[in-house]
Amino acid sequence: MGEESKTLTTRQGHPVRDNQSLRGVGERGPAILENYQFIPCPESIALRMVWHFWHCDPDYGRRVAEGAEIDLEKAKGLPPLDGHPVPGEDRLGPTYSDGQAEEGSR
């Protein structure tokens, strides 16, 4: 009886290409976001992901765009999502996800 080759996969079922050079938290901790493998997706989704990364941390957004070969300037040119201001703008203070102000923030 032949030996079956098992493919290591992510939680989403995608094959792991390289499990020997992952960065993790601690010796046996979870892999960190830097290890995320971009699965081919529509350009509009890839651009929006880079847009969010760039607004959270411009340097990280730039590195993600370069690594995924996504046009950073095109991503930065996207408008904010309907009903949401650009991150860091038009906010009077911290809010909860339902838009209510956190106590003492205004």
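Author: A residue is called buried when its relative accessible area is under 20%, exposed when that value is over 50%, and partly exposed in between. The model shown above is a predicted one, and these words will return throughout our discussion of its side chains.

Reader: How many aromatic pairs does a search of the whole structure find?

Author: The search finds 1 aromatic pair. Its members are F53 and Y60, whose rings are arranged edge-to-face, with 5.3 Å from centre to centre and 85° between the planes. The angle counts as edge-to-face because it is over 60 degrees.

Reader: Is Y60 buried or exposed?

Author: Y60 has a relative accessibility of 16%, so it counts as buried.

Reader: Which residue lies over the face of W51?

Author: That residue is R48, at 4.7 Å from the centre of the ring. R48 itself belongs to helix α1, which covers residues 43-56.

Reader: What is the nearest side chain of opposite charge to R48, and how far away is it?

Author: The nearest such side chain is D82, at 7.9 Å. R48 is buried and has no salt bridge.

Reader: Which residues is R48 in contact with, leaving aside its neighbours within four places in sequence?

Author: R48 is in contact with L78, P79, P80 and L81.

Reader: Why are D59 and its two partners placed about one helical turn apart?

Author: The answer lies in their spacing along helix α2, which spans residues 58-68. D59 and R62 are 3 residues apart in this helix, and therefore about one helical turn separates them. D59 and R63 are 4 residues apart in helix α2, which again means a separation of about one helical turn.

Reader: How accessible are D59, R62 and R63?

Author: D59 is partly exposed, with a relative accessible area of 36%. R62 counts as partly exposed at 33%, and R63 is partly exposed at 39%. D59, R62 and R63 are linked with E66 in a network of salt bridges.

Reader: Which residue does E73 meet in a salt bridge?

Author: E73 meets K76, with 3.2 Å from N to O. Both residues lie in helix α3, residues 72-76, where they are 3 residues apart, about one turn of the helix. E73 is exposed, with a relative accessible area of 53%, whereas K76 counts as partly exposed at 30%.

Reader: Finally, how many disulfides does the structure hold?

Author: A disulfide is a covalent bond between the sulfur atoms of two cysteines. The structure holds 0 disulfides. As for the accessibility of cysteines, C41 counts as partly exposed at 33%, while C56 counts as exposed at 72%.

Notes. Residues are numbered from 1 along each chain as its sequence is written. This is a predicted model: local features need pLDDT of at least 70, side-chain atom pairs count only at pLDDT 80 or more; totals for chains, interfaces and linings use all residues. Side-chain values use heavy atoms; hydrogens and water are left out. Rings of Phe, Tyr and Trp (its six-membered ring) pair if their centres lie within 6.5 Å; planes under 30 degrees apart count as stacked, over 60 as edge-to-face and the rest as tilted. Buried means under 20% relative accessible area, exposed over 50%, partly exposed in between (1.4 Å probe, protein chains only). A charge sits over a ring if NZ of Lys or CZ of Arg is within 6 Å of the ring centre and within 35 degrees of the ring normal. Helices (H or I, at least four residues) and strands (E, at least two) are DSSP runs, numbered from the N terminus. A salt bridge is a side-chain nitrogen of Lys or Arg within 4 Å of a carboxyl oxygen of Asp or Glu. Lys and Arg count as positive and Asp and Glu as negative; His and the chain ends are not counted. Contact means heavy atoms within 4.5 Å. A disulfide is a pair of cysteine sulfur atoms within 2.5 Å.
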